[in-house]
Amino acid sequence: MIARRIAIATLTPFFLVPLPAAAQQAAPDGERLFRTRCASCHSTDPGQNRIGPHLAGVLGRDAGSIDGARYSQALKAADIVWDEATLDSYLADPRGRVPGTTMTVALRNDSERAAVIAYLRDLPAAK
Ligand code: HEC
């Protein structure tokens, strides 16, 4: 009896551990997606604008508000504060969300968008 209980206690972790590990592998990697899909135009370094504005601290900021970045009139005039919901709709269909925006690339996959938004949200705050 005692031997069986010990056996169950020691074996249980081996059944449980592989599940979360597998789930993590399946989830898209936000940092990697950002590097491959966004970083050619966007830096996460405050003050470093490329074709698009830097995205450090983008959650919570007004659309079109970075000094020195090149924005369309459409985005500057858009009454948007970037949060998870507004980023989600803009990234899914930039021109549908802000007609006239000069950002034309979309990220259509829902879980990829969620991963990139979480990556941006968890960046160190802009200085
Ligand atoms: C080909 C270049 C390019 C790529 C790739 C690109 N963007 Fe952009 N992005 C832009 C430009 C240009 C703007 C400014 C749009 C405007 O002013 O209408 C912009 C604007 C933005 C804004 C608004 C920022 C602000 O200050 O209001 C966000 C957020 C954004 N992009 C996120 C992303 C994310 C996330 C990705 C990757 C999934 C991405 N972009 C990929 C060019 C790009």
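## Aromatic pairs and the iron site

In this predicted model, Phe34 is buried, and Tyr119 is buried as well. The structure holds 2 aromatic pairs, and Phe34 and Tyr119 form a tilted one, with 5.4 Å from centre to centre and 40° between the planes. Because Phe34 lies in helix α3 (residues 30–37) and Tyr119 in helix α7 (residues 110–121), the pair ties together parts that are 85 residues apart in sequence. Trp82 and Tyr90 also form a tilted aromatic pair, and both of these residues are buried. The table sets out the two pairs.

| Aromatic pair | Centre to centre | Between the planes |
|---|---|---|
| Phe34 and Tyr119 | 5.4 Å | 40° |
| Trp82 and Tyr90 | 5.0 Å | 45° |

The metal site comes next. The iron atom of the ligand is coordinated by His42, through NE2, and by Met103, through SD, at 1.9 to 2.0 Å. The site of this iron atom has 6 donor atoms, and with angles of 87 to 178° among them it is octahedral. Since His42 lies in the loop between α3 and α4 (73–77), while Met103 lies in the loop between α6 (94–97) and α7, the pair ties together parts that are 61 residues apart in sequence. For comparison, ideal angles at a metal with six octahedral donors are 90 or 180 degrees.

Are the two coordinating residues buried or partly exposed? His42 counts as buried because its relative accessibility is 10%, whereas Met103, with a relative accessible area of 21%, is partly exposed; the cut-off for buried is under 20%.

How values were computed: Residues are numbered from 1 along each chain as its sequence is written. This is a predicted model: local features need pLDDT of at least 70, side-chain atom pairs count only at pLDDT 80 or more; totals for chains, interfaces and linings use all residues. Side-chain values use heavy atoms; hydrogens and water are left out. Rings of Phe, Tyr and Trp (its six-membered ring) pair if their centres lie within 6.5 Å; planes under 30 degrees apart count as stacked, over 60 as edge-to-face and the rest as tilted. Helices (H or I, at least four residues) and strands (E, at least two) are DSSP runs, numbered from the N terminus. Buried means under 20% relative accessible area, exposed over 50%, partly exposed in between (1.4 Å probe, protein chains only). Donors are N, O and S atoms within 2.8 Å of the metal (3.2 Å for Na, K and Ca); water is not among the atoms, so sites may look incomplete. Four donors count as tetrahedral if all angles lie between 85 and 135 degrees; four count as square planar and six as octahedral if opposite donors are over 155 degrees apart and all others between 65 and 115; anything else is irregular.
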